[in-house]
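Me: I am new to reading structures and would like a close look at a single chain and the surfaces it uses for contact. Could you walk me through it?

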Amino acid sequence: MTINPRDRWVLDRPNSYIGRSVPRPNAKRLLEGRGNFVDDVVLPRMLHVVFVRSPYAHARIVSIDVEAAQDCPGVVAVVTGKQLAEHHSPWVGTLQHLKGIISPPQYALAIDQACWQGEAVAAILAQSREQGEDAIDSVIVDWEELPVVADPETALDPDSPRIHESLENNLCWERNFAAGDVDQAFAKADVVVEEEFSVGRHTGVTLEPRSIVADYQPGEEKLTVYQSTQAPHMMQNVFAKHLGLNEGDVRVITKDVGGSFGIKVHVYADEFAAVALSRMFRRPIKFIADRLESFVTDIHARDHIVKARLAVSNDGAIEALEFDDLTGIGPYSMYPRTSGIEANQIVNLTGGAYQIENYKAKTQVVFQNKGVMCQYRAVGHPVACLIAEGLLDYAAREINMDPVAIRRKNLFPDDAYPCKSITGMSFENLSHHQSLDKLIEMMGYDQLREEQETYRKQGIYRGIGLASFIEVTNPSPMFYGVGGAAISAQDGCTLRLDAKGNVFCATGVTEQGQGTEAVIAQIVATSVGVPMENVRVVTGDTEVTPYGGGTWASRGCGIAGEAAAQAGHVLRDNILDVAGIMLQTESTGLDIQNGKIVDGADGTERTTLDEVARVAYYRPDTFPEDFQSELMVTRHYVPRDYPFAFTNGVQASYLEVDIETGFIRLLKHWCVEDCGTVINPQLVDEQIRGGIVQGLGGALFEHCIYSEDGQLINGTMADYLVPMAAEIPDIECAHVVSMTNSSELGAKGAGEAGTAGAPAAVMNALNDALSPFGAKLATLPFTPQRVLEALGTG
Amino acid sequence: MNNNTELLEGDVEINLTVNGEQIVERVPVRRNLVDFLRINLGLTGSHVGCEHGVCGACTVRLDDQIIRGCLTLAVQADGKRVDTIEGLSDDGTLKDLQAVFHERNALQCGFCTPGILLTAAEMLQQQPNVDREQIREYLSGNYCRCTGYHAIIDAIESVAKARRQESSNDN
């Protein structure tokens with residue numbers, strides 16, 4: 001569907017909720033502590049499962065003695081990997097469109113060898129979690145330690161130990177891409193800058209840990225799973241497929257989710273084990289990861305080492321970009337999305353804001369004996385942004401050009417669209433220059449530069465850093481579906497006019513606090529023509545909602561929102577058909593405004609929705625014989641014109657470095673972004689802010705630190721630093737609106753833009769602050785120690 | 001088995017007031033207060049985020065002071081008064097904070113929110129003239145992954161101003 005801009009009927013309705021900062025209806029109960037998170041679910045006959053986890057990064061399981069543990073108080077059973085394997089099939093985290101990607105089969109519990117510290121090798125079912133935990137030390141595992149592959153840089157050495165005997169080496173996947181004549185461009189270039197960027201491993205630290213309650217009913221052979229997940233329908237498929245159940249007999253219910261950010265969109269072995277155990281023991285099983293388990297079992301992200309170089313001419317034009325990326329993903333590629341997507345994104349997206357004619361990229365994804373790594377908020381974007389934005393600032397410094405000027409020189413012009421990046425990414429409608437102009441004005445760039453100079457003379461070192469970015473949103477089946485994954489790119493919305501004139505709405509996307517339910521209600525209310533308080537939205541139940549992909553890749557608003565808008569049109573038409581018969585007039589002359597049936601020409605009230613519903617449901621005998629009212633409708637939507645709806649934006653960071661201690665104080669952060677139509681400005685801004693702070697965490701604090709033998713040595717919240725209120729500055733947001741013509745609504749996503757650009761903005765500000773010393777940093781997180789080392793005083 | 005182990009594994013009866021209700025329960029000595037509230041009393045508004053005193057999701061009031069529910073044993077609440085998000089919502093203590101948090105969207109997933117509200121309420125009681133920087137400092141023991149804190153600071157600052165305005169009107 002390509003929309004003619006004048007056909008955006010939904011944006012031009014009376015009493016529209018589009019563009020209004022309406023508070024989220026579902027937030028009130030959360031404010032009163034009346035949420036419904038998975039750990040709040042208690043079922044009759046429920047047992048708790050806790051796991052015996054490998055203390056070693058790589059070890060053979062010689063034997064497991066469960067006898068003593070089985071006698072512990074409250075323990076119902078102890079199950080080993082070998083036993084559980086009889087009750088499920090393994091999975092393999094590969095996709096056909098990532099050519100050549102391999103991964104070994106993974107089981108719910110390790111069978112012969114543990115491949116990372118924290119991998120579950122046995123499960124204890126107990127009456128209470130405490131009793132289960134008490135019994136862990138009574139499970140005697142005879143371990144034979146194996147050589148550990150920790151460092152990605154040596155994982156591919158011919159003499160490196162192999163993690164999996166079934167594989168030739170530790171290479172999971174490799175991709176090479178080249179366009180133009182890179183070698184010649186570098187040879188001829190006026191200026192070449194280079195850097196080795198190192199982006200540390202960090203993780204999501206959702207405040208609600210991963211949580212699941214599985215309830216298998218043997219009588220009906222029906223499985224109900226309460227899960228804190230982003231993708232209920234995907235999980236329904238996974239549970240059915242690997243337990244050998246009919247998919248129709250599996251129901252996944254997802255109520256409140258305490259943060260996800262990409263952590264809760266993957267298949268975790270321990271969660272799957274809880275589900276398999278529920279079937280095996282024919283009773284409800286609860287698994288709630290504790291925080292220490294979360295650190296070693298939640299997916300980690302990033303962990304990239306990128307050797308990169310950029311060629312520019314003396315006038316600042318980019319001549320060529322080349323990089324070589326290496327990433328370690330733990331011992332398995334995650335299922336079903338694979339752990340190759342982040343690397344793939346880095347190849348696809350680096351420099352995507354700029355006109356580049358010569359480009360060469362290589363990425364290698366290697367197995368290692370560390371925690372599993374996979375897609376986390378802004379997958380690949382922060383790394384892509386660090387490479388391009390970091391090198392661009394190096395080049396600007398080299399040719400004595402302002403960072404704003406060099407960006408203006410190279411950004412795709414605002415009238416260039418539609419166009420493609422050097423890697424073939426299709427851009428429908430972006431606004432890099434308009435966004436940059438707006439940012440410069442909002443932050444008072446020139447004044448800040450003066451202020452910086454004044455402070456510098458006083459021995460106070462402040463820096464200003466910019467980062468332009470693009471963001472992948474509204475993904476089509478090109479993301480996963482074409483690779484063979486049972487992951488839906490389309491989404492749906494069901495609407496029903498209820499007997500008292502209220503509108504029931506069920507959507508395939510899920511709510512984890514970003515405001516899905518509010519935004520969908522705003523769109524439905526607008527599209528049908530009713531007050532928002534008369535719309536009740538239900539999410540997160542595979543038995544109730546239309547089939548959909550859930551929440552990932554910034555798809556909720558643009559995809560499920562469009563389905564909601566379209567469903568609203570049809571319900572409105574169907575309501576007006578009934579009203580037309582009741583009022584003995586042409587339905588085309590009627591409208592629904594603010595919950596009333598009105599005359600379309602002059603807005604006078606003709607009847608109420610309540611009355612339409614009453615007649616349709618209780619007195620349909622009054623209708624003509626050939627008329628049947630249809631007051632429940634469903635519409636689906638999938639983007640077709642473009643593989644992704646790219647958005648764009650630019651961020652700026654202003655910070656101060658204490659050159660004595662190496663401490664960085666963030667003073668202010670700005671973001672201008674363009675997600676097309678903004679349904680709820682406040683919610684979009686809060687997505688941007690939350691995303692930025694997640695990016696700031698990775699830039700300054702967060703790091704999963706491993707020892708050489710693959711032990712995570714800072715896996716507690718006291719040791720792993722997350723951004724807390726005191727370290728974070730105020731964040732100012734603004735928007736440019738370039739709608740997508742692939743939908744009537746014109747909305748793109750906004751969930752990951754903040755995280756995409758924040759680390760690069762901070763890095764550039766830091767290096768700007770340290771420029772008088774000729775010092776620069778490209779290893780994240782930027783700890784005080786690293787700052788001092790860069791200054792030569794550490 | 002020595003006495004310490006017996007104490008660790010034993011149950012004792014505790015008598016306390018929770019949200020104004022008199023509670024008499026036998027609890028394992030080792031059970032922490034937040035587990036007691038959630039498991040024994042079904043008060044699931046207080047959340048378990050880290051179980052080692054860092055994240056603040058389990059914040060509840062013990063007598064008149066906020067404490068970490070994961071670092072306090074249920075038996076330590078014997079003879080005392082405990083107030084949780086449920087009780088402080090029902091009695092209206094948090095009403096203005098909750099209204100402004102809602103309006104300003106100072107919460108996303110809501111998992112940290114009960115702890116943040118209890119911390120904010122205590123801060124405003126102790127420091128009515130609090131400014132943004134002080135709010136950030138006071139909240140530095142409450143982890144929120146979703147919001148980036150800005151909206152939370154806005155909301156608390158706005159309630160502080162409104163209360164000051166109200167109290168100057170009262171004078």
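Reply: Happy to! Let's begin with a definition: the bounds of a domain come from an automatic or database domain assignment. Please keep in mind that this is a predicted model.

For chain B, the assignment gives domain 1, residues 3–88, and domain 2, residues 94–170. Taken over C-alpha atoms, the centres of domain 1 of chain B and domain 2 of chain B are separated by 24 Å. Where these two domains touch, domain 1 of chain B gives 14 residues to the contact and domain 2 of chain B gives twelve residues.

Now look at the domain 1 side of that contact. Both β3 (59–62) and α3 of chain B supply at least two residues there. The largest share, three residues, comes from β3(B). By residue type, this side of domain 1 of chain B has seven nonpolar residues, six polar and one charged.

Next, turn to the contact between the chains. Here 40 residues come from chain B and 43 residues from chain A. On the side of chain B that touches chain A, at least two residues each are supplied by α3 (85–90), α4 (95–104), α5 (113–126), α6 (132–138) and α7 (150–170) of chain B. From α4(B) comes the largest share of this side, four residues. Sorted by type, the residues of chain B that touch chain A are 18 nonpolar, 16 polar and six charged.

One element to find in the picture is α3 of chain B: it supplies residues to the side of domain 1 that touches domain 2, and also to the side of chain B that touches chain A.

Terms used: Residues numbered from 1 in each chain as written. Chains lettered and ligands numbered in written order. Predicted model: local features only at pLDDT ≥ 70, side-chain atom pairs only at ≥ 80, totals over all residues. Contact = placed C-beta atoms within 7 Å. Nonpolar A, V, L, I, M, F, W, Y, C, P; charged D, E, K, R; others polar.
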